[in-house]
Amino acid sequence: MRKVFVFGDIILDRYCIGSVKRLSPESPVPIVNLQSTNKVLGGAANVAANISALGRKVDLCGIIGKDLAGNDVSELLKKYGVGNKLHELSTAKTIVKTRVIGNNQQIVRIDDEERFVLDSVKESTIIADFKKDIEAYSVVVISDYAKGACTKSLCRQIINLAHENGIAVVVDPKGIEWEKYENATVVTPNLKELSLLMGKDIENDDLDIERQCTGLCDKLKIKNLLLTRSERGMSLFQSGSNEVIHEESQAREVFDVSGAGDTVVAAIAAYVDIEKELKRVIHVANIAAGIVVEKIGTAVVTRKELNDWLEKDLDNEQKIVSLKVLVDISDSWKECGQTICFTNGCFDVLHRGHVQLLKKAATFCDRLIVAINSDKSVRRLKGEERPVNKQEDRAFILSSLKYVDAVIIFDDDTPLELIRNIRPDVLVKGADYTVENVVGREYAGRVELVDIVSNYSTTGILNKIKSQKN
């Protein structure tokens with residue numbers, strides 16, 4: 001899987017955390033008894049850290065100063081496993097935001113920053129570096145905090161290069177100069193940012209938002225507009241469509257909204273190139289935002305946290321996945337220390353023998369993947385009269401079983417390529433096979449042969465139906 005490239009304004013967030021028990025006698029302000037001081041990545045760096053925590057490889061490009069805060073950013077990137085493609089600028093100062101927290105409440109924020117100007121030489125260097133590695137990326141993120149990095153020229157060049165190479169572009173925008181975001185795949189303003197762009201206040205109401213935003217994608221020359229609406233969730237508008245998709249907020253209890261927008265952008269970037277439907281990507285991003293606002297301070301959402309939530313609302317049909325999605329899910333399960341089992345078959349007329357095999361297979365692992373032959377594949381293997389049930393129906397029935405975690409349909413005569421890509425811990429077949437005859441065994445940790453329930457087979461059931469008709 002290719003990497004994500006993040007470009008934008010780099011910020012170092014500092015948190016001074018303590019308790020408040022009294023007011024100062026000098027002035028009616030709270031006295032914070034300092035207990036700890038934390039440094040975390042902010043701005044585009046926080047987006048990159050979140051993408052990495054969600055299991056994607058990511059490179060970060062932006063500007064830092066030649067100072068201690070810049071060194072802190074570089075060290076934190078190593079901690080989060082983010083590729084460092086930062087550019088030091090002697091005329092720049094690394095942006096630092098310090099938040100003082102007392103009794104879990106933010107009391108004051110202190111910003112230490114100076115806006116810098118990029119010259120054409122530095123812009124050319126950034127573009128040259130991006131071009132050199134462009135084949136390594138499948139998603140580009142522009143995280144614009146209006147601090148100086150995201151010039152119109154740089155944004156236009158990066159988006160155009162991505163567009164020419166079939167790379168999805170996700171933009172977290174600022175300001176009113178949206179011409180620099182043209183051709184972006186998804187742009188993610190919040191309500192305040194969109195109101196600024198429109199030059200008027202937009203009510204946080206479905207009807208008013210629909211009136212103001214329908215057709216806006218075409219006007220702005222972007223493909224999708226995802227409006228984040230705080231406690232009201234999100235709304236998605238798409239180019240060439242009047243349909244609006246509203247997503248209700250997933251947060252149970254809000255402690256801190258710092259970095260929630262970064263998490264939304266990161267989740268979209270992590271999944272936009274592997275999920276079939278953008279609607280599903282937005283749902284994932286909404287859940288990720290709901291998780292992060294339950295944490296104090298600028299924080300990341302891990303892939304395990306997100307997967308745990310996704311499993312709670314996963315319906316049966318969402319278990320039916322493409323190879324691209326399945327590989328990502330499998331990698332996620334492995335990273336969480338879970339064992340994966342793989343089995344395959346036609347599963348044309350589901351019977352007790354099938355269910356017993358799947359039930360037994362599930363005992364060997366934490367996650368069970370079932371691959372089924374497509375209709376074309378079944379006809380090649382079993383003749384023109386088969387399958388009785390089409391592939392979509394067979395997949396749906398299997399996805400409804402509690403033992404099954406993922407279902408995939410394949411066109412080949414054997415699942416060799418699937419197994420090679422997934423590399424399961426356990427490969428399960430019926431005891432009518434020998435280990436030497438199990439396809440893909442060289443790509444699995446081990447092979448398990450499960451006893452077949454006698455007198456149960458699809459062929460036997462079909463023959464019985466035919467004999468009863470006669």
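User: What makes you call Phe-130 and Tyr-137 buried or exposed?

Analyst: Buried means under 20% relative accessible area, exposed over 50%, and partly exposed in between, using a 1.4 Å probe and protein chains only. Phe-130 and Tyr-137 both count as buried. Please keep in mind that this is a predicted model, where local features need pLDDT of at least 70, side-chain atom pairs count only at pLDDT 80 or more, and totals for chains, interfaces and linings use all residues. Residues are numbered from 1 along each chain as its sequence is written, and side-chain values use heavy atoms, with hydrogens and water left out.

User: How many aromatic pairs are there by the rule, and what makes the pair of Phe-130 and Tyr-137 stacked?

Analyst: Rings of Phe, Tyr and Trp (its six-membered ring) pair if their centres lie within 6.5 Å; planes under 30 degrees apart count as stacked, over 60 as edge-to-face and the rest as tilted. The rule gives four aromatic pairs. For Phe-130 and Tyr-137 the values are 6.2 Å centre to centre and 20° between the planes, so the pair is stacked. Ring pairs also link Phe-5 with Phe-130 and Tyr-137 in a cluster.

User: How do you know that Lys-174 lies over the face of Tyr-145?

Analyst: A charge sits over a ring if NZ of Lys or CZ of Arg is within 6 Å of the ring centre and within 35 degrees of the ring normal. Lys-174 is at 4.7 Å from the ring centre of Tyr-145 and lies over its face.

User: Why is helix α8 described as largely enclosed?

Analyst: Helices (H or I, at least four residues) and strands (E, at least two) are DSSP runs numbered from the N terminus. In α8, 11 of the 12 residues are buried, so the rest of the structure largely encloses this helix. Among the buried ones are Asp-262, Thr-263 and Tyr-271.

User: What makes the span of α8 close to the expected one?

Analyst: The expected span is 1.5 Å times one less than the number of residues. Helix α8 (residues 260-271) reaches 17 Å from its first C-alpha to its last, close to the 16 Å expected.

User: How do you know that β16 pairs with β17, and in which sense?

Analyst: Two strands pair if DSSP finds at least two bridges between them. Strand β16 and strand β17 (residues 367-373) have six bridges, so they pair, in the parallel sense. Asn-344 stands opposite Ala-371 in β17. Strand β19 (residues 426-430) is joined to β16 by two bridges, also running parallel.
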